[in-house]
Each structure stands twice: as structure tokens, then as C-alpha cells.
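Here are my notes on this model, as numbered points. Please read them with the coordinates open.

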Amino acid sequence: MSFESRWNLRQVESGILEGEALGEIIRRGALAIQEEHGLATDGLCGPATLEAIQPEPKVIPGRLEVPRNNRADIARVYGTFDYEESEKQRGAIIIDRDWVRENIVKVVFHTGKHTWCHKGIAEELKTTFEKACKASGYTPKSAWSWVARHQRWDPNRPLSLHSWGVCIDFDPKLNGVGPVEQSKLYQHPEFVEVFEDNGFSWGGRWSKYPDAMHFQRTK
Ligand SMILES: [Zn+2]
């Protein structure tokens, strides 16, 4: 076995190569990849070679557009449903069962915890959450999306976006009432940044009623 092959194999064993990159190295060989990308042709899998075969970022087919923050646009993108006011819980609503069955799905996070949310955002909610935790070092213990209710549990207010499962609250106790600056999320701007980069607005930026625990998928 050549030195190059042994060296590349060691990379494989050490776990540096994985998944699709490993497949490419085996299929074409490091040398061919280096030639194709105009890299120094030593046949060794270094960072530049790996970089050259990273798969294109996946465009999720049919990724839902991010609506503007008004009722018409939210309904256009996320749908509409019939509902009744709950008699048991003030401010809660009972949404048409068929709509819930059709649109609300369970999402399991990398932490093992789960919530329910709109099917159109489930996959990106999962990946965005994981990215945000890793980027910031803050992993919220509680993450909750779908709750069928009016804003602030007040039946006189419009429906909360939580009814559609297109927003999410993190650690209400640590990101609750009080100055936004005291919230965990404010203290972990990288977490907020990842969500904002992925189509979510942060309630902590609202001037009227800052809602530090809350991210919603609207512009
Ligand atoms: Zn919320």
C-alpha cells in the first residue's frame, strides 16, 4: 500500500473523513480530486482536498417562503383553520382536528427533547436549533412551539402565531418578564443570530412588548 493510501486511510480511521466526503475519496481517489480542483497533487487528503469535495449546501425543495408579519401573509403561507374558543382554559382555542392532523408534526431536537410545530418549518427548526446551541454554548432546556391560543392568553386579542406552530419559546423562566438585557438569550447573541439568519424574528427586539423567549418565522 502506498504512503498516500495509508495516510488517507488513517484520516478515515481517525474520523476526519466522513459521509459524502469519504465516498468521493474512495470513488475517485484524492489525486484525481486534487487535479480536478487545481490543488497540489500529492494524493493526501488535507483540508484543501476535503474543502474541494464538500457537497453544495442543500436547497430544501419547497422550503416555505418567510411571510411578512401580517395576518393575510401568514395565512397565505401557513394556512387558515376553523377553531372554537376553549371553555376549559381562558384564551385557549380548539383548532379544527383535520387541520391539526394535516399540519402539526412532532419534531425531536438533537437534545432528545421534542415539541410540535407546523410541518413546513419542522426540519429547519430542528437544524437551526442545533446550530444555535452549538454556536452559542447555550442549550435551552425548554423549547415549545405549538400552543393553540390567543396572544397572551387573552381571548380579546388576536390569535398567537403559536396556534400555527410557526414560532417557538425558549426557557420562559430564564427569558421571561423583565428587562431583555437580563435574559439568557440576550446574553447569548450567537443563538439569536443563528435564528435570525434562518428566517426567524426575535421577540427580544420588539420595542413595545419585548418577548425575549420568542422567535417567530416571519419577516
Ligand atoms: Zn412565544
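Predicted model: local features only at pLDDT ≥ 70, side-chain atom pairs only at ≥ 80, totals over all residues.

1. Strand 7 pairs with strand 8 (residues 214-216) over 2 bridges, in the antiparallel sense. Here W202 stands opposite F215 of strand 8. As background, strands of a sheet pair through backbone hydrogen bonds, either parallel or antiparallel.

2. Now the hairpin. Strand 3 (residues 104-108) and strand 4 (residues 114-118) are antiparallel and share 5 bridges. K106 has W116 of strand 4 as its bridge partner. V107 stands opposite T115, also in strand 4.

3. The turn deserves a look. The hairpin leaves 5 residues between strand 3 and strand 4. G112 lies in this turn and has a positive phi of about 95°.

4. Then the helix pair. Helix 7 (residues 122-136) packs with helix 8 (residues 189-197) at an angle of about 150°, and their axes are 8 Å apart. The cut-off for roughly antiparallel is over 145 degrees, which makes helix 7 roughly antiparallel to helix 8. The crossing of helix 7 past helix 8 is right-handed.

5. Which residues of helix 7 and helix 8 make the contact? Helix 7 contributes T128, K131, A132, A135 and S136. Helix 8 contributes E190, F191, V194 and F195. By class, this contact of helix 7 with helix 8 has 5 nonpolar, 2 polar and 2 charged residues.

6. Last, the overall picture. The protein has 8 helices and 8 strands. Its radius of gyration is 23 Å, whereas the globule rule gives 17 Å for 219 residues. The value is well over the rule, so the protein is more spread out than a compact globule. Along the principal axes, the C-alpha trace spans about 75 × 40 × 30 Å.

Key:
Residues numbered from 1 in each chain as written. Pairing = 2+ DSSP bridges. Helix = DSSP H or I, 4+ residues; strand = E, 2+ residues; numbered from the N terminus. Axes fitted to C-alpha atoms, helices over the stretch in contact; angles between N-to-C directions. Parallel < 35°, antiparallel > 145°, perpendicular 65-115°, else oblique. Left-handed = near helix turned anticlockwise from the far one by under 90°. Contact = placed C-beta atoms within 7 Å. Nonpolar A, V, L, I, M, F, W, Y, C, P; charged D, E, K, R; others polar. Rg over C-alpha atoms; globule rule 2.2 N^0.38 Å.
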